Amino acid sequence: MIIDGKKEAQLLRDKIKKEIDLIKLKFNKVPGLTVILIGDFAPSQIYVKNKEKNAKEVGINSEVVRYPKEISEQEVIKKIRELNDNDAVSGILVQLPLPPQINKEKIINAIDPLKDVDGFHPINVGNLSSGHNATVPCTPLGCLLLIKKNEPNLSGKHAVIIGRSNLNGKPMAQLLLKENCTVTIVHSKTKDLKTECLKGDIVVAAVGVANLVKSDWVKENSIVIDVGINKVGDKIVGDVEFDTVKEKAKAITPVPGGVGPMTIACLLKNTLECFKDR
């Protein structure tokens, strides 16, 4: 089965819109999302445009604050503090990557954890790893929702995560541990990646190496989630060799059209949850 991320994202957006419509009817309030975009990096421009469009479609007040790439770190932090104090703003997102003069950690730490819709603030990271309520980073949350759509009960499953990044690998592991999976994280220093991957009932590839995972890396009837986005020639491909692995896996996400749409839908979900929590 090829997992249709576009379809699942649309279903999630429909659910979010329905809930926001009810909140607006009852309280005459809606969530607000502010995105800070620095510079003119083309992929970030496209991504932010899609976020803005999707937010408006579900009834979230969306604002994009744009700065030139020369903006100072102090100016950005000053703006974040203003947004922290603004009750109309439920969620704040600073689009990555940032120019070299701006420290990513300082920017993330400046955001109120209750408005941190990306789930990157150390308080949210700590709460997630401790099993407490936390805003979960959008991509791993989207991955989990796609996995559970195909396998609602994950208890006892062996999950192998390729990649140990703070953005996906580590939070993905925490989410799957919470679902009572046995979790293995493999990375560039792991000996015999193939042998480790073959143990996985669930394989999540998020390492940024085109077509790394071959069909002889996955076992029959596994669920394969491909987070990778790589350009090969004029094609966009994932970390999984899709055409061969799809013959073996029980379910697999394509690239594009798999995890990507769910990431933005989960951003909207996080914005709504931050609004409700506050």
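Analyst: A word on classes before we start: Ala, Val, Leu, Ile, Met, Phe, Trp, Tyr, Cys and Pro count as nonpolar, Asp, Glu, Lys and Arg as charged, and the others, Gly among them, as polar. This is a predicted model, in which local features need pLDDT of at least 70 and side-chain atom pairs count only at pLDDT 80 or more, while totals for chains, interfaces and linings use all residues. Residues are numbered from 1 along each chain as its sequence is written, and side-chain values use heavy atoms, with hydrogens and water left out.

A search of the whole structure finds one cavity of 30 Å³ or more. On a 1 Å grid over the protein atoms alone, a cavity is a set of points where a 1.4 Å probe fits but cannot get out, a pocket is an open set with protein on both sides within 12 Å along at least five of seven lines, and lining residues have an atom within 4 Å of a point. Points are joined across faces, edges and corners, and a volume is the space filled by probe spheres set on them.

The largest cavity holds about 70 Å³. Around it sit Ile92, Leu93, Val94, Leu96, Ile107, Ile108, Ile111, Asp116, Asp118 and Phe120. Two or more of these residues come from each of β3 and α4; such helices (H or I, at least four residues) and strands (E, at least two) are DSSP runs, numbered from the N terminus. β3 has the largest share, three residues. By class, the cavity lining has eight nonpolar, no polar and two charged residues. Proline 97 lies in the loop between β3 and α4 (104–110).

Now for the open spaces. The largest pocket has a volume of about 1400 Å³. It is lined by 43 residues, and Tyr47, Thr139, Ile229, Gly260 and Thr263 are the closest to its centre. Two or more lining residues come from each of α2 (42–58), β3 (91–94), α6 (138–150) and α10 (259–277). α2 contributes the most, with seven residues. The lining divides into 25 nonpolar, 14 polar and four charged residues.

The second largest pocket has about 500 Å³ of space. Its lining has 22 residues, of which Asn133, Ala134, Thr135, Val136 and Glu273 are the closest to the centre. The elements giving two or more residues here are α5 (122–130), α6, α7 (169–178) and α10. This time α10 gives the most, with five residues, and the classes come to 11 nonpolar, six polar and five charged.

How do these helices meet one another? The axes of α6 and α10 come within 8 Å and cross at roughly 110 degrees; axes are lines fitted to C-alpha atoms, for helices over the stretch in contact, and angles run from 0 to 180 degrees between N-to-C directions. The two helices are therefore roughly perpendicular, since angles under 35 degrees count as roughly parallel, over 145 as roughly antiparallel, 65 to 115 as roughly perpendicular and the rest as oblique. Cys138, Thr139, Leu141, Gly142, Cys143, Leu145 and Leu146 of α6 touch Val259, Met262, Thr263, Cys266, Leu267, Lys269 and Asn270 of α10, where contact means heavy atoms within 4.5 Å. Nine of these residues are nonpolar, four polar and one charged.

α10 also packs against α2: their axes come within 10 Å and cross at roughly 50 degrees, which makes α2 oblique to α10. From α2 come Tyr47, Asn50, Lys51, Asn54, Ala55 and Val58, and from α10 Thr263, Ile264, Leu267 and Leu268. That contact has six nonpolar, three polar and one charged residues. In the loop between β10 (251–252) and α10 you will find proline 256, joined to valine 255 by a cis peptide bond with omega near -5 degrees.

Lastly, α6 meets α7, with axes within 9 Å crossing at roughly 40 degrees, and the pair is therefore oblique. Pro140, Leu141, Cys143, Leu144 and Ile147 in α6 face Pro171, Met172, Leu175 and Leu176 in α7. This contact has nine nonpolar, no polar and no charged residues.
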